[in-house]
Amino acid sequence: IRDRYMGIQARFINMTHKLYSTRYGSRQNKILILARYANVEVEHVIFTKLEDFKTPEFFQKNPNGKIPVLETPQGFLFESQAIARYLARQANLYGHSVYEQAQVDQWLDWDTTELSPPLGTLVYDTFGRITVDQEQFSQAWNRVRGLLKILDNYLLHHSFLAGHSITAADIAIASNLWFAFTFLFDEKVRKANPSLTRWFQTVASQPQFTEIWGRVRICRQPLKQLK
């Protein structure tokens, strides 16, 4: 029975999945990284226009009309963290105990509810996807600075966010921080957060990570000053 189960699981893992998303970004990239860890083949269907995922056909995949969406042998999944959990379980990157699994969930939820809103303001404004005034930008940076210190203090005593090895939590948050470490977080920011910087460089140097994001390039001259 066990051999039969393993054979079914192997066939399932080797079946092609489809990821519907834009070409590049932290949400889809963490999914593609986790797929590499899980040995899940993913066909990347790239949307270049908003109209691409506002069609009646796409609303059958995600009634919210948003991306990313993962097409699996069983059906469609939306919400990037749910997709991350789906792949992490297959890749054994979801913790090795009930407590560690709860830690993974804790950090994934924190990534969504705490880190992403202010960090998105910084990154999107820097790259011209949104425009905020200086006061709004400074407020977002002050919030992000406090969140970085939460991570730094935790990582002072832990190599990874959950347990003793990389999990989906590390991949998700490192992916979320990739643009900031590459284009915004200069030496001053990194020196203020040495444990966080060590952890980011460790996670971002993994082959599954560099295959998607490319070789990590730490910021020398920020595109926008953080004050």
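Reading along the sequence, you get the pattern α-β-α-β-α-β-β-α-α-α-α-α-α-α. That comes to 10 helices and 4 strands in the protein chain; both are DSSP runs (H or I over at least four residues for helices, E over at least two for strands), numbered from the N terminus. This is a predicted model, with pLDDT of at least 70 needed for local features and 80 or more for side-chain atom pairs, while totals for chains, interfaces and linings use all residues. Residues are numbered from 1 along each chain as its sequence is written, and side-chain values use heavy atoms, leaving out hydrogens and water.

### Overall build

Along the principal axes, the C-alpha atoms fill a box of roughly 60 × 45 × 30 Å.

Of the 227 residues, 49% are buried, where buried means under 20% relative accessible area, exposed over 50%, and partly exposed in between (1.4 Å probe, protein chains only). As for contacts (heavy atoms within 4.5 Å), take those between residues at least 6 apart in sequence: 69% of them join residues at least 24 apart.

### Backbone spots to look at

Most residues other than glycine have a negative phi, and most peptide bonds are trans.

| Residue | Phi | Loop | Relative accessibility |
|---|---|---|---|
| N39 | about 60° | between α2 (26–38) and β2 (42–46) | 54% |
| N92 | about 55° | between α4 (80–90) and α5 (98–126) | 58% |

N39 has a positive phi although it is not a glycine, and N92 likewise has a positive phi without being a glycine. N39 counts as exposed because its relative accessibility is 54%; N92 counts as exposed at 58%.

Then there's the peptide bond between I67 and P68, which is cis, with omega about 10°. You'll find P68 in the loop between α3 (56–59) and β3 (69–71).
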